[in-house]
Amino acid sequence: MPLRARIALLLGWLLALAGLGLLIAQRLQVSTDLRSFMPAPATPDQRLLMEQVGEGPGSRLLLLAIHGKSDGELAALSQALAARLKGDPRYAQVLNGSFDLAALDPRLLPYRYLLSPTLDHESMDADFLADQLQQRLDDLSSPAASLLKGLLPRDPTLEVLKLAERWAPPKSPQVREGVWFSGQDEALLLVQTVAPGFDPQAQQQAIDGIEQAFHALPGSAGATLAFSGPGYFSVVANAQTRAQADWIGRISTVGFIVLLLFAYRSLSSLLLAALPVASGALAGIAALTLVYPQVHGITLAFGFTLLGVAQEYPIRVLSHRRAGEDAVRSVRALWPLLLTAIASACIAYLAFYASGVNGLKQLAVFTIVGLLAAGFSTRYLLPRLLPARVRDVADARWLIAARRFVDRLPRPRWIPLLVAAAAVLMLALAPGPFWQNDLAALTPLPKDLLQRDARLRASLGAPDIRYLLILQADSADGVLAMSERLEPEADALVARHVADALELPSRYLPSIATQRARQTKLPDQATLQQALAQALQGLPFRHDLFAPFIADVAVARTLAPLTPQAFAGSPLGQRLAAMLVQRDGHWLGLGTVSGLHDAAALQAWAERSGGAVRLLDLKGAAESLVASYRTRILRALGVATLLLVLTISVALRSLRRAWHVLAPMTLATFLVLAVERAMGIEVSLFHLVALILAAGLGLHYALFFERDTGDPAEQRRTLHATLVCVLSALLVFGMLAWASIPVLRAIGLTVSLGVAFHFCLSILMAPHAGQGDA
Amino acid sequence: MLLLGLTLPWQASASAPDDGAALVRALARPAPARTAFAEARFMAVLEQPLVVSGEMAWLGGDKLERRVDKPRRETATIADGEVTQQRDGKKPRSFSLKRAPQLQVLVDSFVALFGADAVRLRQAFTLEHGGDAAAQWTLTLTPRDARVAKTVARIRIDGYGNEPRCMQMEEADGDVAIDLLGPLAAKMPPAPTREALAALCRGG
């Protein structure tokens, strides 16, 4: 191919890649919300979990601690930070312990008589008012006078303060300098984000917003702001995993380049060989962006892992070139086998598409399009660009020796039986549970973070994120009424130290019936004026001082009861909205549990309630969800295996040859599983995905080793290509196996073991290369 | 002398002998320092002033105690930035000093006066000193902190020799609290007026 045409082709290819890149840059929306990767929930608990993962009142809570300065300065920082965050639409609620009258929307102030429990046991008559006014007089002579002076005309019975007390967290930390402090001299804040707790990207934005607001405060220099809570943890886990993956990725990339340079001694070949994989990746993502509005982050991570198979295609081409031969001709000889490999992988991945899980469908689209693009560009574009080759790897001395060694290896027929028996034995005797259902165990958090979380959670009385109390009724008001009925029982449980606090929705809003009952106890204007006049006798208050009070009571008498919808406009209404969920024509109330000491007692109470309350263990529900997810993957894998057997048998037109390809691959896969289980590893979703990748690589080894060309030089080239592939895979994934983060280690170890086993078994179970021994 | 006190408000007491500083030194008491008080509050929400009496004490450091004996017993303790109110038969109530600037002012002025801490006094207030250092005098304290000044306009202390006799706190909204201190506390009239109390404070 003339130089000019080659340059034009290269430019055209690069331009096409740039076009794909542009398309992706414009359309790609990565979703980090775990839920979009999960299968459709089957049980009611799973459904609730999916709705509640990240949305529940507990999981959107960020715990903040400021330390490193004097109490006074920390308190000022806490106040200033809270003031800044309160106006920000990213945060639903900001609490720092400072008693805040603004918590009740000024428009809603007359509602205080319907919301406060005062009227449940008092009536607003002369006696009650006289007692209240006498107390206010005492307040006025006390140091608190200037605090209450402003409230007095409108709210002489201080209903606003009663509500503020009621709405303060059930177990408040100590208050110093007007704000919460922990026992370790940190100012504490609670921030509820609008973003779901398990959406790391949205949580990152929420946390960044707080950090920025904090550092913009005068006097923040020298003080340290620390975070805790589910949202923060999802951010940390994400960042940790990414940082380690990046670090390992950089090292193994350098190693990979050095290895290829050593293997092929040509920089231009190396650079060109990168193009098919790049094409595959870009085409895969571009296809995703065209088919799906949002691409899940895990799809991309899994997809790139699985696409690692495609790196084999150009390596095979480079190794199988002969001196002086046109690259296009070398590829043509190789293509049937390569096509078999590509086609069988793609057909196998079709099974994932049929799984019905959105995340797996995306994965299938990405890998199938990616593998096809990488494969066909390796076949039709790459060879036309490769420089003329002068050196044939088959002539290398070490390779001749290596091939001879391989050919002399004994290949007894009992090897598969022995390996199979060993695998079965290891699987049978392996310690611990087979499956790892706890996804969180794959991205564990540093111990000090967890300890800090426990400490802050305890001192703030912040709710547990594992348990929820579920109340079910026909309407939101039904939930509130039920919640009111349950409140005394819940209080009794707290008194028995079953939990530090149980927070039910009616804490924030009474039912309509209760509000109506309170409303009817409000006196009419004339009666109230008379009672007030009587109460004021002998007291020094200005006689017209309480006109705003009389006006508010008059308004409160005519108000329509406050509904959750009407309440939702205010910050506290937002808090309530997080506790009320509508689903399938009925309503659920979500109560939170703080500091659970006796889960069994709480469970027993829920069971005694006759279905009114349910205790939902989110961790249990999450694990059952992972288990059902895995079942789907396994089912897809089963179908994929069948498709693979079929494709290979058809492609090779021989069951015997198909056996030689598929047997080592299957055996090696089970051997990896067995060895990992024997090491005490519990198998997670990530292990499964890594096993699939390893199997894909193993398929190539077996296919190429099985190929009987009768040409010793060609067999040496096959060995060369396979060695380069094995070494590069071992390099990349072996590095990952040393990672400290279990999810990276799971992938690294599984693929490394897989590559090693697949390689050895493909050699040992390949048919003897007849006359090939030169 | 008055001019000197006004023009050099930040000067430390040691560096320039101004009579405000001399007065502050003269007022110093060892902790705990206790004094009887009778207070009349003239407030916009009230038609008649509110009168209470009891004992105020500086317990050393930033600790103050204000005990009301009449008409109802109540003890307020100010310590570590927190105010705790204890009323007979009720749960103690606490709130931050930050939320009650007029109390912060009280603490600053009391602690600085009794502890003879002229530096602290000048950090919190601008001082105005009038009268005769040896006999009848008036010390006016105006808060420097703009936030505090929004609530408390000024404090005026009247005294004779090294005895403070009266303390008058003017709030920004026009409400006034006048405390008669020490032996003068016993002379609180049953129906006080601002004028009568002002005369009591001035007169010997």
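Reader: What makes the 11 strands of chain B an open sheet with edge strands?
Author: In this predicted model, the open sheet has the order β6-β5-β4-β3-β2-β1-β11-β10-β9-β8-β7 (chain B) with antiparallel pairing, where strands are DSSP runs of E with at least two residues, numbered from the N terminus, and two strands pair if DSSP finds at least two bridges between them. The edge strands are β6 (93-96) and β7 (125-131) of chain B, because each pairs on one side only.

Reader: How do you know that β8 and β9 of chain B pair?
Author: Strand β8 (residues 136-143) of chain B is joined to strand β9 (residues 152-160) of chain B by 6 bridges, and the definition asks for at least two, so they count as paired. Within this antiparallel pair, B:Leu139 stands opposite B:Ile157.

Reader: What makes residues of chain B count as touching chain A?
Author: Two residues are in contact if their C-beta atoms, placed from the backbone, lie within 7 Å, and 28 residues of chain B are in contact with 22 residues of chain A. On the side of chain B that touches chain A, β5(B) gives the most, with 4 residues.

Reader: How do you know how confident the predictor is in chain B?
Author: The pLDDT, the predictor's confidence in each residue from 0 to 100, has a mean of 78 in chain B, where 86% of the residues reach 70 or more. Over residues 1-17 of chain B, however, the pLDDT is below 50.

Residues are numbered from 1 along each chain as its sequence is written, while chains are lettered from A and ligands numbered from 1 in the order in which they are written. In this predicted model local features need pLDDT of at least 70 and side-chain atom pairs count only at pLDDT 80 or more, whereas totals for chains, interfaces and linings use all residues.
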